[in-house]
Amino acid sequence: MSRKFLISFAKVLAAALFWILVWYGVAALVAKELLLPSPSAVISRLAAIVSEKDFYVTTLYSLLRVLSGIVIACAVSVLLAVLTHISKLAYILARPLITVIKATPVASFIILALVWLDRGILPVFISLLMVLPVIWTNVSTGLSEVDPKLLDLAKVFKIKWSQRLKDIYVPSVLPYFTSAARTSLGLAWKAGIAAEVLAAPARSIGKKLLDSKAYFETADLFAWTVVVIVLSLIIELVFEVFISKLLAGRRKPDA
């Protein structure tokens with residue numbers, strides 16, 4: 001490990017410890033576990049929750065719902081971006097829809113979708129909606145940034161479409177796609193959990209949060225919130241590792 005990394009890590013750790021101490025202080029002043037449990041109470045409940053078999057089933061179901069929405073959104077938004085890049089009519093028709101999705105509050109979509117969709121499908125749909133506009137916008141920008149001179153050369157030399165896609169379009173679009181994916185991962189996860197809270201499907205983190213609130217189990221509410229935060233960080237970390245390997249793999253042939 002480099003000295004710079006260790007210093008950066010120490011700073012983050014010191015900041016985290018500072019806020020934990022603040023939390024302890026405020027919890028001591030409030031002196032009511034129902035309103036604000038202490039960090040030790042939350043850690044104790046977190047340890048108990050993690051030791052239960054149901055915890056792993058619950059987190060797996062929530063992860064599958066949100067990740068399914070993200071994967072579907074990536075596929076749909078990339079295809080839509082290609083279509084709107086090729087066809088002006090498709091762009092004119094799609095643009096207002098994307099604008100509406102961007103502007104509408106997540107809670108409105110969740111409440112409306114509850115009328116039409118099964119509770120288990122709702123988080124998938126909401127995650128999809130959060131990702132679609134971001135990916136579509138960035139991929140569309142990437143496609144518009146493709147160098148027209150390279151495309152002209154590809155036509156002159158009669159290069160196959162598969163080769164053009166691999167060597168011209170993908171290098172242009174990939175940075176925009178990865179940037180959009182980084183931005184939308186956290187949004188999709190938070191929105192998916194929010195949808196679970198309102199829809200309360202069986203075996204979901206959202207239902208656990210709702211139950212904790214309903215039964216005034218504040219320590220459980222905090223513990224499940226910590227789980228949501230940690231899982232979000234893990235998802236982003238796994239994505240970063242995957243993207244780093246993907247980009248490194250693309251650079252190898254040129255080395």
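Helices here are DSSP runs of H or I with at least four residues, numbered from the N terminus. By that rule, I20 sits in helix α1, residues 3-30.

Before going on, some notes on the source. This is a predicted model, where local features need pLDDT of at least 70, side-chain atom pairs count only at pLDDT 80 or more, and totals for chains, interfaces and linings use all residues. Residues are numbered from 1 along each chain as its sequence is written, and side-chain values use heavy atoms, with hydrogens and water left out.

Back to I20. Its relative accessible area is 36%, so I20 is partly exposed; buried means under 20%, exposed over 50%, and partly exposed in between, with a 1.4 Å probe and protein chains only.

Next, the interior. A nonpolar core is a set of buried Ala, Val, Leu, Ile, Met, Phe, Trp, Tyr and Cys residues joined through side-chain atoms within 4.5 Å. The largest one has 39 residues, and I70, V131, I135, W189, I205 and W224 have the most contacts inside it. At least two residues of this core come from each of α2 (39-50), α3 (53-86), α6 (122-144), α8 (161-199), α9 (205-214) and α10 (218-251). The largest share, nine residues, is from α8. A second, separate core has eleven residues, including I101, L122, M130 and A199.

Last, T84, in helix α3. Is T84 buried or exposed? T84 counts as buried, because its relative accessibility is 8%. A polar atom of its side chain lies 3.1 Å from the backbone oxygen of A81. Leaving aside residues up to four places away in sequence, T84 touches A90, Y91, A94, W136 and S140, a contact being heavy atoms within 4.5 Å.

Conventions. Polar contact = N/O pair within 3.5 Å; in protein donor to acceptor, adjacent residues only side chain to side chain.
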